Number of protein chains: 2
Amino acid sequence: MQPRKQHLIDTALILFNQFGYHATGIDLILAESGVSKATLYKHFRSKEELILAALQLRHEQVVSKLQDKIEANKQNQEKTDPVENVLVIFDNLNEWFNSETFFGCNFINVSAEYADPNHPINIFAAKHKQVIVNMIAEQLTTKENNQATQQKADQIGLLVEGAIVMAHTRGMKQSALIAKEMARGLF
Amino acid sequence: MQPRKQHLIDTALILFNQFGYHATGIDLILAESGVSKATLYKHFRSKEELILAALQLRHEQVVSKLQDKIEANKQNQEKTDPVENVLVIFDNLNEWFNSETFFGCNFINVSAEYADPNHPINIFAAKHKQVIVNMIAEQLTTKENNQATQQKADQIGLLVEGAIVMAHTRGMKQSALIAKEMARGLF
DNA sequence: CTTGACGTAAACAGTTCTGTTCACTTATAG
DNA sequence: CTATAAGTGAACAGAACTGTTTACGTCAAG
């Protein structure tokens with residue numbers, strides 16, 4: 001990946017998350033990144049493509065961070081406990097909510113701005129959420145049958161979304177801990 | 001309230017919810033409502049004021065609908081059960097998600113677009129969410145002590161947010177029923 | 001040492017957006 | 001009948017937005 005292109009995506013991701021997708025103009029991204037407009041349109045056909053690239057980056061960040069945390073947790077366990085491996089998600093959320101860089105979930109937010117279910121951006125966001133739930137289900141499959149596992153994963157997923165919204169719209173940064181206790185109660 | 005003003009607010013609320021707040025231009029609202037631009041700016045100093053008026057309307061709709069449902073449920077009960085009175089919220093959500101007019105929660109969505117916690121619009125959205133949780137807490141106070149009640153109300157609130165996001169971003173319209181079962185498990 | 005990839009700066013086109021203004025119409029209450 | 005409030009239509013200003021184009025640098029690899 002060319003460094004200027006990568007830098008554009010990095011900058012765009014931050015600005016989109018903080019200020020929104022429509023509200024963040026191309027010119028702001030260019031000014032903030034110090035890249036010229038011609039370069040942007042050499043790498044991306046449109047703003048929409050840049051949004052998708054930023055979401056792709058964020059998707060990879062979230063997935064790999066989650067995998068790392070689960071993996072680290074497995075190392076620290078004497079006996080493998082799938083439930084505990086899933087609950088690290090909420091510790092992860094807790095860190096995120098209390099960081100300086102928390103401005104809500106990119107995918108929830110972008111869904112709000114591009115609400116048409118057939119829009120590529122909306123589809124991407126939905127797919128991301130599905131991948132996360134699938135990762136949760138995957139962790140649980142060793143313990144239960146498939147049907148119940150998928151159900152539990154959806155419940156966990158619902159708690160994750162609830163915690164994010166609570167933290168973002170009401171500013172309740174401790175929501176991840178509330179959700180974690182509720183998740184524990186499911187097992 | 002002058003009829004044209006009310007009509008503007010009604011139209012704006014629908015369009016903002018469906019297409020987003022930045023993406024919905026003044027001109028679309030005017031074309032859709034058949035009101036002239038001069039009239040709009042006689043009633044509202046800015047688009048932001050119109051957004052706030054639309055949110056105020058939505059807030060009143062949600063609160064009064066919820067009160068009605070809870071009240072109706074109380075009538076149908078032989079013995080008053082606070083938990084059941086709260087759980088009607090999820091039946092309400094279920095209807096909403098499966099209606100033609102579901103495009104996510106106005107307040108979650110507007111928070112995504114106006115993420116600055118000091119922005120009047122963001123403050124309004126946060127206040128709305130707090131009012132709803134307070135209504136839930138109020139229903140539960142007859143049964144438990146205040147501390148535990150507030151905690152339970154936040155948990156219910158978290159499930160509500162989770163269900164809304166799940167229904168909106170993943171298109172899982174049955175999320176309200178999932179959340180309802182989880183809510184029942186809290187008691 | 002030159003070719004080609006990558007980048008910049010700046011002007012420009014074309015659209016869309018918010019908000020203003022003004023001359024004119026309509027309806028109604030005193 | 002008339003004063004007043006409410007609304008219309010249309011033009012306009014000014015800003016912001018996305019996207020294009022042109023002419024010009026830089027630099028590393030063959």
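Modeller: Two residues are in contact if their C-beta atoms, placed from the backbone, lie within 7 Å. Keep in mind that this model is predicted.

Biologist: Which residues of α9(A) meet α8(B)?

Modeller: From α9(A) come A:S175, A:I178, A:A179 and A:M182. Their partners in α8(B) are B:D154, B:Q155 and B:L158. By type, this contact has 4 nonpolar, 2 polar and 1 charged residues.

Biologist: How is the packing of two helices described?

Modeller: By the angle between their axes and the distance between the axes. Here, helix α9 (residues 175-184) of chain A packs on helix α8 (residues 146-169) of chain B at about 90°. Their axes lie 11 Å apart. The pair is therefore roughly perpendicular.

Biologist: Which residues of α1(B) are buried?

Modeller: B:L8, B:I9, B:T11, B:A12, B:L13, B:F16 and B:N17. Their cover includes α2 (26-33), α3, α4 (47-76) and α6 (106-113) of chain B.

Biologist: What surrounds DNA strand D?

Modeller: There are 19 residues around DNA strand D. The closest are A:G25, A:I26, A:S46, B:R4 and B:A38. Elements giving two or more residues are α2 and α3 of chain A, with α1 and α3 of chain B. The largest share, 4 residues, belongs to α3(B). By type, the surface near DNA strand D has 6 nonpolar, 6 polar and 7 charged residues.

Definitions and conventions
Residues are numbered from 1 along each chain as its sequence is written. Chains are lettered from A and ligands numbered from 1 in the order in which they are written. This is a predicted model: local features need pLDDT of at least 70, side-chain atom pairs count only at pLDDT 80 or more; totals for chains, interfaces and linings use all residues. Axes are lines fitted to C-alpha atoms, for helices over the stretch in contact, and angles run from 0 to 180 degrees between N-to-C directions. Angles under 35 degrees count as roughly parallel, over 145 as roughly antiparallel, 65 to 115 as roughly perpendicular and the rest as oblique. Ala, Val, Leu, Ile, Met, Phe, Trp, Tyr, Cys and Pro count as nonpolar, Asp, Glu, Lys and Arg as charged, and the others, Gly among them, as polar. A residue is near a molecule or strand if its C-beta atom, placed from the backbone, lies within 6 Å of it. A residue is buried if 20 or more other C-beta atoms lie within 10 Å of its own, exposed if 12 or fewer, and partly exposed in between; C-beta atoms are placed from the backbone.
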